[in-house]
Amino acid sequence: MARKRALAKATDPGQEFLMTLRELGKEKGIDEEVLFEAIEAALISAYKRNFSAKENVSVTLSRETGHYHVYALKQVVEEAENDITEISLARARAIKPDYEIGDEIEIEVTPADFGRVAAQTAKQVVVQRIREAERGIIYEEYMERESDIITGIVQRVEKGNVFVDLGKTEAILTPSEQIPTENYTHGMRIKAFVVEVKKTNKGPQIVVSRTHPGLLKRLFELEVPEIQEGVVEIKSVAREPGNRSKIAVWSKDENVDPVGACVGHRGMRVQAIVDELVSEKIDIVKWNEDSATYIANALSPAKVVSVAVNEEERVSRVVVPDYQLSLAIGKEGQNARLAAKLTSWKIDIKSETQAADEVLDDSMNEVSVITEESFSAEGES
């Protein structure tokens with residue numbers, strides 16, 4: 001007898017439904033109560049669509065048996081004028097003696113053939129909610145990874161946009177976020193910086209970048225243990241993606257060389273980053289709280305004779321040896337431009353000969369400087 005009861009319970013549609021619902025909820029990380037409430041709301045719409053659009057109804061789905069019941073909600077009045085929404089006080093008290101005028105009463109109106117409609121509706125709701133929940137989970141996961149690095153595989157290229165497979169979802173790398181010198185091919189594995197995560201009707205849209213300065217910063221943070229430990233700090237980053245970058249670093253511990261830490265043994269740490277960024281040249285310089293020294297360092301690999309600064313306007317004049325002028329300015333002004341971005345100072349570079357013919361503005365304080373140790377890494381062309 002007990003075996004028969006167990007068999008009946010196992011084959012009961014309501015119990016099977018509950019079991020399936022709870023397993024799905026657990027597997028997909030969805031609170032089963034959220035699914036129950038969503039199904040109840042959908043069953044109300046299904047009932048009105050298929051049986052009675054005018055009735056005000058509620059639906060309960062039993063959490064114990066998996067069976068559903070439809071109730072018409074009616075207002076208790078002295079004399080009912082609308083049988084669909086009202087019930088007379090006399091009829092109400094025949095059901096329950098303590099009902100009063102103004103009370104709302106529930107009367108079961110579950111149709112005999114409601115099962116098929118209910119089953120289809122429940123299935124649709126569960127599928128929809130699971131899809132929404134999965135999108136929500138993915139959105140939350142990648143929202144937490146904004147301003148971080150993700151690794152993915154190039155899936156396809158459409159109209160200049162590169163779509164990167166992340167496993168659970170895909171990210172988009174727009175033309176403006178692509179390194180100009182880089183070719184993206186199907187199956188290529190790349191690291192990218194998460195710029196923004198948007199909610200859309202089709203799920204989260206993850207916008208990534210290969211050009212953002214944050215990518216270079218995070219690559220160093222991942223590659224250099226001293227940065228992870230907080231001993232070495234990245235103070236500033238300036239990039240011209242695929243071509244050249246500068247990064248300013250500082251150490252809290254005077255016994256730890258911040259430039260050396262970022263370079264690594266035989267240049268292995270920085271070389272790994274150069275390789276990841278398609279042989280982008282990287283200058284690693286020391287940050288210094290003294291503005292003149294910092295500006296001189298930022299112009300590395302050029303050597304600087306003196307720096308004059310106007311702290312209030314953040315304007316500087318840098319003097320370099322005549323033979324170093326072209327190096328300090330760089331090809332098409334790139335070195336000077338990156339140094340200005342790195343330091344957030346306006347930098348005017350002069351050779352010693354040019355400076356000798358000029359009268360320095362009274363607002364500027366000129367000091368001799370010695371460029372501190374720096375390092376330039378570049379990949380193979």
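Me: Buried means under 20% relative accessible area, exposed over 50%, and partly exposed in between, with a 1.4 Å probe and protein chains only. What makes T371 count as buried?

Reply: Its relative accessibility is 15%, which is under the limit of 20%, and T371 therefore counts as buried. T371 is placed in the loop between β16 (365-368) and β17 (375-377). Helices here are DSSP runs of H or I with at least four residues, strands are runs of E with at least two, and both are numbered from the N terminus. This is a predicted model in which local features need pLDDT of at least 70 and side-chain atom pairs count only at pLDDT 80 or more, while totals for chains, interfaces and linings use all residues. Residues are numbered from 1 along each chain as its sequence is written, and side-chain values use heavy atoms, with hydrogens and water left out.

Me: Which residues does T371 touch, and how do you know that its side chain reaches the backbone nitrogen of V304?

Reply: Leaving aside residues up to four places away in sequence, T371 touches A296, N297, A302, K303 and V304, where contact means heavy atoms within 4.5 Å. The distance from the side chain of T371 to the backbone nitrogen of V304 is 3.3 Å. A polar contact is a pair of N or O atoms within 3.5 Å; within protein, one must be able to donate a hydrogen and the other to accept it, and residues adjacent in sequence count only if both atoms are side-chain atoms.

Me: Why is T169 called buried?

Reply: T169 has a relative accessible area of 17%, so this residue also falls under the 20% limit. T169 sits in the loop between β6 and β7 (170-173). Apart from residues up to four places away in sequence, T169 touches I138, Y142, V164, P204 and I206.

Me: What makes K159, S344 and E81 count as exposed?

Reply: Each value is over 50%. K159 has 85% relative accessibility and is therefore exposed; it lies in the loop between β5 (149-158) and β6 (161-165). S344, at 53%, is exposed as well, and belongs to the loop between α12 (334-343) and β15 (346-351). E81, at 78%, counts as exposed and is placed in the loop between β2 (68-77) and β3 (86-88).

Me: What are the phi values of K159 and S344?

Reply: K159 has a positive phi of about 50 degrees although it is not a glycine. Phi of S344, likewise a residue other than glycine, is positive and near 60 degrees.

Me: Which two residues does a cis peptide bond join?

Reply: S300 and P301 are joined by it, with omega about 15 degrees. P301 is in the loop between α10 (291-298) and β13 (306-310).

Me: Why is α10 called mostly covered?

Reply: Eight of its eight residues are buried. They are S291, A292, T293, Y294, I295, A296, N297 and A298.

Me: What makes α10 oblique to α12?

Reply: α10 and α12 pack at an angle of about 140 degrees, with their axes 9 Å apart. That makes α10 oblique to α12, because angles under 35 degrees count as roughly parallel, over 145 as roughly antiparallel, 65 to 115 as roughly perpendicular and the rest as oblique. Axes are lines fitted to C-alpha atoms, for helices over the stretch in contact, and angles run from 0 to 180 degrees between N-to-C directions.

Me: Which residues form the contact of α10 with α12?

Reply: Y294, I295 and A298 in α10 meet A339, L342 and T343 in α12. By class, this contact has five nonpolar, one polar and no charged residues. Ala, Val, Leu, Ile, Met, Phe, Trp, Tyr, Cys and Pro count as nonpolar, Asp, Glu, Lys and Arg as charged, and the others, Gly among them, as polar.

Me: Why is α2 called oblique to α3?

Reply: Helix α2 (residues 13-28) and helix α3 (residues 32-50) pack at about 125 degrees, with axes 9 Å apart. That makes α2 oblique to α3. F17, L18, L21, R22 and G25 in α2 meet E32, L35, F36 and I39 in α3. This contact has six nonpolar, one polar and two charged residues.
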